[in-house]
Amino acid sequence: MNDADVAFIHDPDGNVHYWKLRSLPAINYLGTEHATYPTSWRQLKHTWQHERGGRQYDFPGYDYHVSGGIQLPPSEDLCVVTTSYYEKNTQYTMNDLVNRYASSEGSLIVVADERRFQPSGGLRPLYHEPFCRHIGRYDRVYEAFVEHYESEGWGMPLRDTKNLFVQDNANLYELVEGDTVETTSELFDELTEAPYLPLYETFSNIFARRDELGVSPLESDDVIEAFGGWLRRRIEWDKSTASEVAHDLNRSVSMEGTTFDPSYAKRSPKIRLAREAAKDLNPETSPIDARYHDWLMHSL
């Protein structure tokens, strides 16, 4: 991908409205540190009138850029995630990016929702352009990572997601706890008691009070349902599962008062347990171990 002027991946297959951002961790792990996609996918949608709804949240790992205001050196790679709808029916066309990277030193990695995706200014589907390298379905990228992880002594324990960041969290949970989780729902059931997981930080941000210490639950069912939609953009859940997880997390914050509060999490004995587990890793010889070691040693 990084040898191409423009590389194109289509994901997900079929008429799936969500799941669009599940590929970002894999592309980031391949060395692309910058990404752009619709800002609304970072917000708790339909709640822009409320101050918390307009704030932006995401999983860690890359630098986000607003479309239209991207000023990167010509050697820097960029990933853009989009859909045919956004390309055809909004002002957020990627024409300028395609034209720029077709003649620059860096690579543009495009993830779109259908094989025949066509930029609004193009004469043909993107994968037919001579400057474009068609990678194919995201499944191809994911399967290459499955082989890489196996060669490094790691697996993909979750059977219901192809989001590498979420898989990494499951591996870390097994390393620290000595127990396995096999589904994303099981992982999220354990998340509130595992502050060493990098996932934990994201939800600390979502439930944080603005300009105050501590956390507070989301204010209404509409906001909680929007939170479920935010989750579905990143994890392959149906609407019912995403809604259930969103309500469960919010209920935990409401009932406990300290769930996802970093000041309490820092004092958790699980942090010490995680740092002890990090000693079993080999960061000098394995890039996966190095990433896991960094997460466990710098959690919270």
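**View 1. Phenylalanine 260 is a buried residue in a loop.** At 0% relative accessibility, phenylalanine 260 counts as buried, where buried means under 20% relative accessible area, exposed over 50% and partly exposed in between, calculated with a 1.4 Å probe and protein chains only. Phenylalanine 260 is placed in the loop between helix 10 and helix 11 (262-265). Its phi is near 70°, a positive value in a residue other than glycine. Helices (H or I, at least four residues) and strands (E, at least two) are DSSP runs, numbered from the N terminus. This is a predicted model, in which local features need pLDDT of at least 70 and side-chain atom pairs count only at pLDDT 80 or more, while totals for chains, interfaces and linings use all residues. Residues are numbered from 1 along each chain as its sequence is written, and side-chain values use heavy atoms, with hydrogens and water left out.

**View 2. The loop between strand 1 and helix 1 contains proline 12 and tryptophan 19.** The peptide bond from aspartate 11 to proline 12 is cis, with omega near -10°. Tryptophan 19 is not a glycine, yet has a positive phi of about 70°. With a relative accessible area of 23%, tryptophan 19 is partly exposed.

**View 3. Arginine 22 and glutamate 236 form a salt bridge.** A salt bridge is a side-chain nitrogen of Lys or Arg within 4 Å of a carboxyl oxygen of Asp or Glu; the structure holds 12 of them. In this pair, the closest N and O atoms are 2.9 Å apart. Arginine 22 lies in the loop between strand 1 (6-10) and helix 1 (24-29), and glutamate 236 in the loop between helix 9 (221-232) and helix 10, so the pair ties together parts that are 214 residues apart in sequence. Arginine 22 is buried, at 7% relative accessible area, and glutamate 236 is buried as well, at 12%.

**View 4. Aspartate 168 and arginine 291 form a salt bridge.** The closest N and O atoms of this pair are 3.4 Å apart. Because aspartate 168 lies in helix 6 (residues 164-177) and arginine 291 in helix 13 (residues 287-297), the bridge ties together parts that are 123 residues apart in sequence. Both residues are buried.

**View 5. Lysine 279 and glutamate 276 form a salt bridge.** Here the closest N and O atoms are 3.1 Å apart. Lysine 279 counts as exposed, at 60% relative accessibility, whereas glutamate 276 is partly exposed, with a relative accessible area of 45%.

View 6. Two strands pair if DSSP finds at least two bridges between them. Strand 2 (residues 34-36) and strand 4 (residues 78-81) pair in the parallel sense over 2 bridges. The bridge partner of threonine 36 in strand 4 is valine 80.
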